[in-house]
Amino acid sequence: MQTSKTTTAQTLLQQSRYGVVFVLVTSFVINILVLASPLYMQQVFDRVVQTHHYATLAYLTLLTVFALGVLGALDALRGIGLARIGHWIDDSLRMAVMFTALHHARTDGRLNNQVIGDLSTLRAFAGGQQIVPFFDAIWVPLFLLLMFVMHPWLGAIGLLAAVALFGLAVWNDIGMRRRLQGLSEAHNELAAFSATALRSADVIHGMGMFDEVMGRYRRNAVKIAETSQAAADFGAKLGGLSKFLRITVQVAVLGIGAVLVIHSEITSGSMIAASIILGRALAPVEQSMASWRAFISASEAYNRLNDLIARADANLVAPTKLPEPQGIVTVENASFKFSGGDRPILRSVSLTVPAGSVLALVGPSASGKSTLCKMIVGSWLPSAGHVRLDGAQIQHIDRGQISEWVGYLPQAIELFNGSVQDNISRFKNADDEAIVEAAKLAGCHDLILRLPSGYASELGESGGNLSGGQKQRIALARAVFGKPRVVVLDEPNSNLDSEGEAALVGAIVALKNRGTTVILVSHRLSILSPVDVIAVMRDGALDMVGEREAVLQELTGRAARAGQQTPMPAAARGAGTPGSA
């Protein structure tokens with residue numbers, strides 16, 4: 001179901017203000033209760049040791065233990081609250097992020113996998129302990145004020161130390177951002193390369209590419225590791241410097257405090273308490289430096305999520321429920337190019353496919369055929385122009401209705417984890433009769449019955465338990481399931497033998513007799529017998545379109561004039577090599 005508007009990360013953070021307020025309040029109380037320990041030390045040194053009052057010591061100890069118990073309970077509640085916030089962020093943004101990833105696959109022509117990882121990064125930081133020092137750092141001025149109350153010199157030392165540590169934090173921010181720049185993109189590229197290599201293990205071994213693939217993987221991985229190590233080394237050096245500064249300042253407070261005690265300006269208990277308070281005041285600043293890398297990653301993830309979801313919303317039009325179409329496909333001056341690309345893949349294509357007719361898209365590889373197919377079914381949206389189904393722009397039609405009206409067999413076949421019947425029915429709660437009908441139409445009913453569990457057979461990842469031809473025929477059944485009004489078949493016979501090809505032709509004829517509009521891409525002349533119209537693509541543009549016989553005669557004439565023997569590219573002679581566009 002297509003939603004009208006998605007939730008941005010910015011909106012979500014605004015909505016989580018009550019949770020943030022809860023964490024802020026608990027952090028404030030926790031930081032107040034932290035004073036129980038230094039105040040206990042002060043009272044013990046200044047009162048109990050001097051007066052030998054054991055009852056006072058007992059009351060102070062009980063009161064301090066109670067305060068520390070409340071502190072521990074509040075710290076646990078704060079951790080639970082942060083975990084709930086992280087879970088809520090994930091739960092609230094999950095659908096929006098997936099929607100955004102799929103949406104940008106339509107507009108950019110590429111699947112944006114990074115947004116899924118960005119959500120995990122944001123959730124882990126917002127709901128984990130790495131964010132805690134940033135909440136505690138807010139209350140540093142409170143501790144510094146208390147030190148000024150004890151003595152102006154102690155407050156001044158604490159203030160100078162806080163400013164110095166803040167300067168180190170800024171230096172850490174600048175240095176870490178510079179060193180981590182581009183690391184996230186490099187991780188995504190390496191993950192994509194690794195996934196491709198794992199999917200292509202048979203090609204790697206079969207063509208002796210193992211050493212080359214491993215070499216490239218190693219080079220990319222080493223580059224990422226060196227960048228990460230440089231950032232980690234920089235952070236470790238500043239972390240060591242900040243720790244040295246904090247401990248040195250605490251020693252300085254004890255030294256100056258001793259001088260003040262000698263001059264009777266403060267008590268010995270105040271000297272000890274001031275050292276503990278200063279350590280507590282500076283600890284969040286130092287800890288935040290250790291969490292800075294996570295903060296940078298979370299802030300970058302937040303900005304990317306916000307930008308991508310906002311861009312998706314800006315281009316989103318609320319879908320409208322429409323009556324069932326006849327199946328008229330119209331392409332109006334449509335062009336397509338990848339986001340950031342200069343050269344369009346498709347250029348000003350205009351085409352009308354009457355309802356119930358069969359159109360064949362032919363032409364050399366990289367001529368734009370597959371791109372046009374993806375635009376017709378709405379997988380990719382045109383960069384310019386329009387693609388319409390019975391006059392309605394394809395992206396404005398409710399996706400639930402598109403699922404009923406449009407069938408698509410892509411050139412690169414992907415089957416989902418699940419059973420055969422799950423894949424054919426598109427994971428709908430469909431009647432067995434409709435699933436079997438689609439399989440029979442695609443000519444794969446007997447094939448499925450020979451599987452170990454028939455229609456209930458699990459396919460495994462990407463249909464890995466099937467051959468290429470079996471996957472193609474089951475994907476064809478998925479495309480024709482539910483009696484769609486338009487079926488787009490991109491290289492539907494690339495993996496088929498003669499039996500499978502005959503079944504494919506029979507399916508196209510049956511669809512045509514049913515009144516379904518069929519658009520197919522093929523390099524083989526053998527499946528063009530049911531075709532009414534042929535459109536020839538070349539260099540991303542429509543070169544020629546007309547009735548089958550007229551176009552074939554023109555192609556034959558062109559081939560003869562060029563000294564060729566066939567009107568089609570070499571693949572049309574039966575090589576079966578799938579073209580790409």
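The largest cavity in this predicted model is lined by V329, I376, V387, R388, L389, I394, V406 and V486, where a cavity is a set of points, on a 1 Å grid over the protein atoms alone, at which a 1.4 Å probe fits but cannot get out, and a lining residue has an atom within 4 Å of such a point. Because the model is predicted, local features need a pLDDT of at least 70 and side-chain atom pairs count only at pLDDT 80 or more, while totals for chains, interfaces and linings use all residues. Residues are numbered from 1 along each chain as its sequence is written, and side-chain values use heavy atoms, with hydrogens and water left out.

Staying with that cavity, its volume is about 50 Å³, a volume being the space filled by probe spheres set on the grid points, which are joined across faces, edges and corners. With a threshold of 30 Å³ or more, the count comes to one cavity. Which element gives the largest share of the lining? That is strand 4, which contributes three residues; strands (E, at least two residues) and helices (H or I, at least four) are DSSP runs, numbered from the N terminus. By class, the lining holds seven nonpolar residues, no polar ones and one charged one, with Ala, Val, Leu, Ile, Met, Phe, Trp, Tyr, Cys and Pro counted as nonpolar, Asp, Glu, Lys and Arg as charged, and the others, Gly among them, as polar.

D390 has a positive phi of about 55 degrees although it is not a glycine, and at 32% relative accessibility it counts as partly exposed; by the cut-offs used here, buried means under 20% relative accessible area, exposed over 50%, and partly exposed in between, with a 1.4 Å probe and protein chains only. A second case is A366, another residue that is not a glycine but has a positive phi, here about 65 degrees. A366 lies in the loop between strand 3 (358–362) and helix 14 (369–377), and its relative accessibility of 54% makes it exposed. For background, most residues other than glycine have a negative phi.

Let me turn to charged pairs. A search of the whole structure finds 13 salt bridges, each one a side-chain nitrogen of Lys or Arg within 4 Å of a carboxyl oxygen of Asp or Glu. One of them joins R280 and D136, at 3.8 Å from N to O. This pair links distant parts of the chain, with R280 in helix 12 (residues 268–290) and D136 in helix 6 (residues 132–137), 144 residues apart. Are R280 and D136 buried or exposed? Both are buried.

R514 and E437 form another salt bridge, in which the closest N and O atoms are 3.8 Å apart. R514 belongs to helix 20 (residues 498–514) and E437 to helix 17 (residues 432–441), so this pair ties together parts that are 77 residues apart in sequence. R514, with a relative accessible area of 30%, is partly exposed, and E437, at 35%, is partly exposed as well.

The salt bridge of R558 with E554, at 3.3 Å from N to O, lies within one helix, helix 21 (residues 548–561), where the two residues are four apart and therefore separated by about one helical turn. R558 is partly exposed at 29%, and E554 is partly exposed at 30%.

On cysteines, the count comes to zero disulfides, a disulfide being a pair of cysteine sulfur atoms within 2.5 Å. C373 is buried at 0% relative accessibility, and C444 is likewise buried at 0%.

Finally, the record. The unreviewed UniProt entry lists residues 20–41, 53–74, 131–150, 156–174 and 244–262 under "transmembrane region"; the positions are in the numbering used here, feature names are shortened, and annotations may be inferred rather than shown by experiment. In the model, residues 20–41 are 91% helix and 0% strand, with their end C-alpha atoms 33 Å apart. Residues 131–150 are 85% helix and 0% strand, with 31 Å between the end C-alpha atoms.

Technical notes: 1 Å grid on protein atoms, 1.4 Å probe; cavity = no way out; pocket = protein on both sides within 12 Å on 5 of 7 lines; lining within 4 Å.
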